[in-house]
Structures are given as C-alpha cells and as structure tokens.
Amino acid sequence: MTPVTDDKLLGALGRALHDQRLHMLYQPKVRLRDGSLASVEALMRWDDPDLGTVEPSRFIPIAEEHGLIDELTHWGLRTILRQWLDWCEEGIDTAIAFNISALSLQHLDFPDLVERMCRGLEVPTDRLVLELTEGATQPLVKLMDTLTRFRIKGIGLAIDDFGTGYSSLMQLRQLPFTELKVDQAFVADVARSRDSRLIIQAIADLAHGLGLSATAEGIETLEQLRTISELGCDVGQGYLISAPM
Ligand code: C2E
Ligand code: MG
Ligand code: MG
C-alpha cells in the first residue's frame, strides 16, 4: 500500500470533522493508595472509511501545521463536557483531562472561551484538567499568561510526558501546574532499570515538593504498578488498569 500523504490526510480530516467521524475514548487514572478513580483522560480517535484508524500522533501534528487544530480542540472540548454531563446524570462525578496543543494556548482569550463553554453546559471548571506537552517550537514558559488565567478560573493543568523531550525543570518552577505526568518511557523499564527507578522517584519527590501530584502513565504490568507506587507516585494509568474505552 502506498503511504498516505499529509495532503490527503488533511483533506480527509477536514471531512471527518464535518461528518462527525471523530470520537473520544476515555482512560481512567486511579489513585494508587486506594484504587479509587482520580479522573479520566480523553483521547481522540479517528476511524476513516478509506484510511482505517488514524492515530492521534499522526493527525494532531498535521492539524497543528495546517490550521485545523483549533477546530479539533473546540470539537473535543464540547464532546468531553457533554460526556461529563452524561456521567454526572449517572452519578459518576469525575474530573476529566483533555490534551491541549500548545498552539491553541497562543490565543490569550482561549481560557475565557473554555470557561464560557463550561458555564454554558453548567460543568464546574474545577472538573476540567488540561494536559500540556512542550514542543521544540512551543515553549510553555511563553504561555505563562494564558496558563495563569486557566488556574484563576479553577481549571487544572498537567504537564504531560515529563522527563523526556523538551520539558524542563524551569517550567515546573515558573508555571502554575497542578499535576506532573512522568513519561511512559521511564515506566516501561522501571522493572529493569535502576536509573529509571531513581528518575521516577526524583520526579515524584520534586512534584510533591512543588505541591503537584505525580502521575505515572503506561503501566502495563503488576510489577510496574507496585514499583511506581513504592517510588511515590500518587496516580496511575495504563493498560493494566484499563485501556482507553
Ligand atoms: P498522551 O496524552 O501522553 O496519551 C498517552 C498515550 O498512551 C495514549 O495514546 C494512550 O492510548 C496510550 N496508552 C495508555 N495506556 C498505555 C499503556 O499502558 N501502554 C502504552 N504503550 N500506551 C498506553 P494515544 O491515544 O494514541 O495518544 C497519543 C498522543 O496523542 C497523546 O499522548 C496526546 O499527546 C495526543 N492526543 C490524544 N488525544 C488528543 C486530543 O484530543 N487533543 C490533542 N491535542 N492531542 C491528543
Ligand atoms: Mg495526555
Ligand atoms: Mg503522556
């Protein structure tokens, strides 16, 4: 099969948005101390009739590059807020985490928009957590004003994939995060690698010292679960607990 070009994907993504062929899956994040539900993370999915399932790691960067990301973000936010209402009616009151591209944060009025969306649907803002990842061209420190506005409104902020890529200690000190998510790469070899264990423990201590909760994602085995609990992480997420559903 010939590889699908970015152009073709972009066109198909625009149509998928229009024809409502995107959906969200939700993955639980549980408190390690007692196994209770801390929150759920929303993960976007695109099932295309011609292209099959397209991974977010493939289509999000294309949406970012070609000006479609804001539309995706707005669709995602509307979807998860409505889902929260449905759960609430069923008696499930959980915080919901949503991944946000740093590009969407470049609009200073974005926090107001999110607040209006929450208020319009009567979803309390403190039930929403935004997960952010830093990229090479989008340092989060530059977004200080926007991030502070979210916190003033009571919206939680998590730094995702911490410890690899571009995330730095500087941001943790300067930015108003509420949660730190240890990158899956450390969790993946926590059983084999003493270095990874040391790093996770140091990251958890650092998070606590700064008043943040520490989440480990990508937990696939009981041994990983046990070890990351011992190393001081507060919240766990991964296929062992539940796949996105
Ligand atoms: P992320 O936010 O770090 O999400 C974690 C990824 O790990 C998800 O991949 C999830 O399905 C996967 N995962 C969960 N548990 C396990 C496990 O035990 N083992 C392994 N190996 N993987 C696990 P997914 O859903 O393909 O998403 C990939 C990335 O795409 C996300 O990374 C996030 O950065 C981005 N993304 C997903 N949904 C959205 C969205 O709605 N908006 C934006 N802007 N980005 C999104
Ligand atoms: Mg995430
Ligand atoms: Mg992550």
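The structure is a predicted model, in which local features need pLDDT of at least 70 and side-chain atom pairs count only at pLDDT 80 or more, while totals for chains, interfaces and linings use all residues. Residues are numbered from 1 along each chain as its sequence is written, chains are lettered from A and ligands numbered from 1 in the order in which they are written, and side-chain values use heavy atoms, with hydrogens and water left out.

**Magnesium sites**

- The magnesium ion (ligand 2) has E41 (OE), N99 (OD1), E131 (OE) and D160 (OD) as its protein donors, at 2.0 to 2.3 Å, where donors are N, O and S atoms within 2.8 Å of the metal (3.2 Å for Na, K and Ca), and sites may look incomplete because water is not among the atoms.
- Along the chain, the donors of this ion (ligand 2) are spaced as E-x57-N-x31-E-x28-D.
- N99 belongs to strand β4 (residues 95-100) and E131 to strand β5 (residues 128-132), so this pair ties together parts that are 32 residues apart in sequence; helices (H or I, at least four residues) and strands (E, at least two) are DSSP runs, numbered from the N terminus.
- N99 counts as partly exposed at 28% relative accessibility, whereas E131 is buried with a relative accessible area of 1%; buried means under 20% relative accessible area, exposed over 50%, and partly exposed in between (1.4 Å probe, protein chains only).
- D160 lies in strand β6 (residues 156-162) and E217 in the loop between β8 (213-216) and α9 (222-230), a pair 57 residues apart that links distant parts of the chain.
- Both D160 and E217 are buried.
- D160 coordinates both the magnesium ion (ligand 2) and the magnesium ion (ligand 3), which are 4.3 Å apart.

**Helix packing**

- Helix α4 (residues 110-121) packs with helix α5 (residues 144-152) at an angle of about 25°, their axes being 9 Å apart; axes are lines fitted to C-alpha atoms, for helices over the stretch in contact, and angles run from 0 to 180 degrees between N-to-C directions.
- Helices α4 and α5 are therefore roughly parallel to each other, a term for angles under 35 degrees.
- In this packing F110, P111 and V114 of α4 meet T146, R149 and F150 of α5, contact meaning heavy atoms within 4.5 Å.
- The residues of the contact of α4 with α5 divide into 4 nonpolar, 1 polar and 1 charged.
- Helix α3 (residues 69-89) also packs with α4, the axes coming within 10 Å and crossing at roughly 30°, so α3 and α4 are roughly parallel to each other.
- Residues of α3 including L77, L81 and L85 meet residues of α4, among them F110, L113 and M117.

**Backbone angles**

- Most residues other than glycine have a negative phi.
- E122, although not a glycine, has a positive phi of about 60°; E122 lies in the loop between α4 and β5 and is exposed, with a relative accessible area of 68%.
- D161, likewise not a glycine, has a positive phi of about 55°; D161 lies in strand β6 and is partly exposed, with a relative accessible area of 24%.

Methods. Parallel < 35°, antiparallel > 145°, perpendicular 65-115°, else oblique. Nonpolar A, V, L, I, M, F, W, Y, C, P; charged D, E, K, R; others polar.
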